[in-house]
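Subject: Structure handover and findings

Dear colleague,

Please find below the structure that I promised to pass on, together with its sequence. My notes follow it, and I would be glad if you read them with the model open beside you.

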Amino acid sequence: MKKLIGALVLVSAFASCSKDNEYDLSQGSNNTCDTNAVSYSATIATIMTNNCNSCHAAGSPSGGVITNTYAGLNSVSSATLLGAIKHESGFSAMPSNAPKLSDCDINKIQAWINQGKQNN
């Protein structure tokens, strides 16, 4: 009987987790995604470094898309960038052969575009 109760408690603990991935778990439940005053240098460059620049750096960028400079990323069509990172039909899903960016990172990129693609 003790083993059954222990198993039920363990299953209940795992079933109650509402986070979808390791990134969400690391953010904690009290953190929010800050999309205010998003700029390339303060916010987007880090997302690109962590997810995109290994394939899309100046010099030999995959698909001719450069993400490691403001000018390079700013030249990419907003619709193309968002379609790729959201893994939408008709776009090459980015990052390639990797999970989609976190919802927070996608929201930051969307906010950057909506706020006029500021650099600083």
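Contact, as I use the word here, means heavy atoms within 4.5 Å. Helices (DSSP runs of H or I, at least four residues) and strands (runs of E, at least two) are numbered from the N terminus. Please keep in mind that this is a predicted model, in which local features need pLDDT of at least 70 and side-chain atom pairs count only at pLDDT 80 or more, while totals for chains, interfaces and linings use all residues. Residues are numbered from 1 along each chain as its sequence is written, and side-chain values use heavy atoms, with hydrogens and water left out.

In overall terms, the protein has 7 helices and 0 strands. Of its 120 residues, 27% are buried, where buried means under 20% relative accessible area, exposed means over 50%, and partly exposed lies in between (1.4 Å probe, protein chains only). Among contacts between residues at least 6 apart in sequence, 57% join residues at least 24 apart.

I looked at helix α6 in some detail. Spanning residues 78–85, α6 has Leu81, Leu82, Gly83, Ala84 and Ile85 as its buried residues, and the cover over them includes α5 (70–74) and α7 (103–114). At the start of α6, a side-chain oxygen of Ser77 reaches to within 3.3 Å of the backbone nitrogen of Ala79, which falls under the definition of a polar contact (a pair of N or O atoms within 3.5 Å; within protein, one must be able to donate a hydrogen and the other to accept it, and residues adjacent in sequence count only if both atoms are side-chain atoms).

How do α6 and α7 cross? Their axes, which are lines fitted to C-alpha atoms over the stretch in contact, with angles running from 0 to 180 degrees between N-to-C directions, come within 11 Å and cross at roughly 175°. α6 is therefore roughly antiparallel to α7, a label that applies to angles over 145 degrees, just as under 35 counts as roughly parallel, 65 to 115 as roughly perpendicular and the rest as oblique. On the α6 side the contact is made by Ser78, Leu81, Leu82 and Ile85, and on the α7 side by Ile106, Ile109, Gln110, Trp112 and Ile113.

Leaving aside neighbours within four places in sequence, Ile44 is in contact with Val38, Ser39, Leu73, Lys108, Ile109 and Trp112.

Asn53, in helix α4 (residues 53–56), is buried at a relative accessible area of 15%. With neighbours within four places again set aside, Asn53 is in contact with Met48, Thr67 and Asn68.

Some backbone details deserve a check on your side. The peptide bond from Met94 to Pro95 is cis, with omega near 0°, and Pro95 is placed in the loop between α6 and α7. That loop also holds His87, whose phi is near 60°, a positive value in a residue other than glycine; His87 is partly exposed, at 31% relative accessibility. Ala37, in the loop between α2 (22–27) and α3, has a positive phi near 50° and is exposed, with a relative accessible area of 68%.
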